[in-house]
Amino acid sequence: MPGTSDAIELAVIGGTGLYRLAELDQAQALDGDTLYGAPSGPVRVGLLDGHRIAFLARHGEAHSLPPHKVNYRANLRRLLDLGVRRVLAVNAVGGIGADFGPRVVAVPDQLIDYTWGRVSSICEDPGTEVLHVDFGEPYTASLRAAVLAAGARAGVTLVDGGCYGATQGPRLETRAEIARMRRDGCDLVGMTGMPEAALAREMGLDYACLALVANWAAGCPEGPGQAAPEITLQEVLDNVEVASAGLPGLLRALLSR
Ligand code: HPA
């Protein structure tokens, strides 16, 4: 396998529509459990331009896990156990803000958590130290900056910033829910941004989000006379495919520094 002793420079967690990184050379599927249980599937470790990276499909490689059933702790802990220190989370999202239409790729800088009932901390078990991690900036500034710079070098247009609203799912939102999220300041809506980001912070991982806009969120774009088209899975998958086309180039540029 590709240099087992070499450090993994980056891990990518793929969301809806991104279940493999076809560009990985000499990829090996690493199975293994963690103290938090089983991750969503194997971690595929391989080389991209000679750089060792890992890939994990958040929902499982056959998309068998809905957002509220993903074992976020196990996924991140598995990456940590493999020596990962930097995680780029790829998330399919709906667009709320006018600048966040379908196929836009954004690197959000804020988030609001509307999820409930998910295991959202590593401080769950009796005897574990209670952490109150700083989360004012939920994404790692240096990794965000590196992703944005890589996008510029690779010719991948990225929107710098935006507030990600994490909803429970698996159903999509009502128009009223999205209107409330807009009033709250959300630009994007997705179902998997939390607790992943907070757990990454608790585990000391660098973590940034690459949000692929798959559809307009319910009732968007805002404006008089706008019809509210039904959101279909096919639309989501088609737009994620287009939005993720620049990912290999972006990763290559990110790793080359
Ligand atoms: N809402 C929540 N999550 C999503 C959406 C959406 O509209 N599109 C893709 N993931």
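Me: Which residue in β10 is the bridge partner of Gly95?
Reply: Strands here are DSSP runs of E with at least two residues, helices are runs of H or I with at least four, and both are numbered from the N terminus. Two strands pair if DSSP finds at least two bridges between them. The partner of Gly95 in β10 is Leu188. Strand β10 (residues 188-190) and β5 run antiparallel, joined by two bridges. The model is a predicted one, in which local features need pLDDT of at least 70 and side-chain atom pairs count only at pLDDT 80 or more, while totals for chains, interfaces and linings use all residues. Residues are numbered from 1 along each chain as its sequence is written, and side-chain values use heavy atoms, with hydrogens and water left out.

Me: In which sense do β1 and β5 pair?
Reply: Strand β1 (residues 10-14) pairs with β5 in the parallel sense, over three bridges. Ile13 has Ala89 of β5 as its bridge partner. Strand β11 (residues 206-216) also runs parallel to β5, and 10 bridges join the two. Across that pairing, Leu88 stands opposite Ala208 in β11.

Me: Why is β5 largely enclosed by the rest of the structure?
Reply: Burial is read from relative accessible area: buried is under 20%, exposed is over 50%, and partly exposed is in between (1.4 Å probe, protein chains only). Nine of the 10 residues of β5 (residues 86-95) are buried, so the strand is largely enclosed.

Me: How many disulfides does the structure hold?
Reply: A disulfide is a covalent bond between the sulfur atoms of two cysteines. The test used here is a pair of cysteine sulfur atoms within 2.5 Å. The structure holds zero disulfides. Cys163 is in none, and the nearest cysteine sulfur, in Cys186, is 4.4 Å away. Cys163 counts as buried because its relative accessibility is 9%. For Cys209, the closest cysteine sulfur is that of Cys163, at 11 Å, which is too far for a bond. Cys209 is buried too, at 2% relative accessible area.

Me: What should I look for in the backbone angles?
Reply: Most residues other than glycine have a negative phi, and most peptide bonds are trans. The bond from Gly169 to Pro170 is cis, with omega near -5°, and Pro170 sits in the loop between β9 (163-166) and α3 (175-184). The bond from Met194 to Pro195 is also cis, with omega near 10°; Pro195 is in the loop between β10 and α4 (196-202). As for phi, His63 has a positive value, near 50°. The loop between β4 (51-57) and α1 (72-81) holds His63, which is partly exposed at 31%. Arg103 has a positive phi near 85°, lies in the loop between β5 and β6 (105-107), and is partly exposed at 44%.

Me: How many cavities of 30 Å³ or more are found?
Reply: On a 1 Å grid over the protein atoms alone, a cavity is a set of points where a 1.4 Å probe fits but cannot get out, and lining residues have an atom within 4 Å of a point. The search of the whole structure finds one cavity of 30 Å³ or more. The largest cavity has a volume of about 40 Å³, volume being the space filled by probe spheres set on the points, which are joined across faces, edges and corners.

Me: Which residues line the largest cavity?
Reply: Among them are Val105, Val156, Leu210 and Ser244. β11 and α6 (247-255) each supply at least two residues of the lining.

Note on methods. 1 Å grid on protein atoms, 1.4 Å probe; cavity = no way out; pocket = protein on both sides within 12 Å on 5 of 7 lines; lining within 4 Å.
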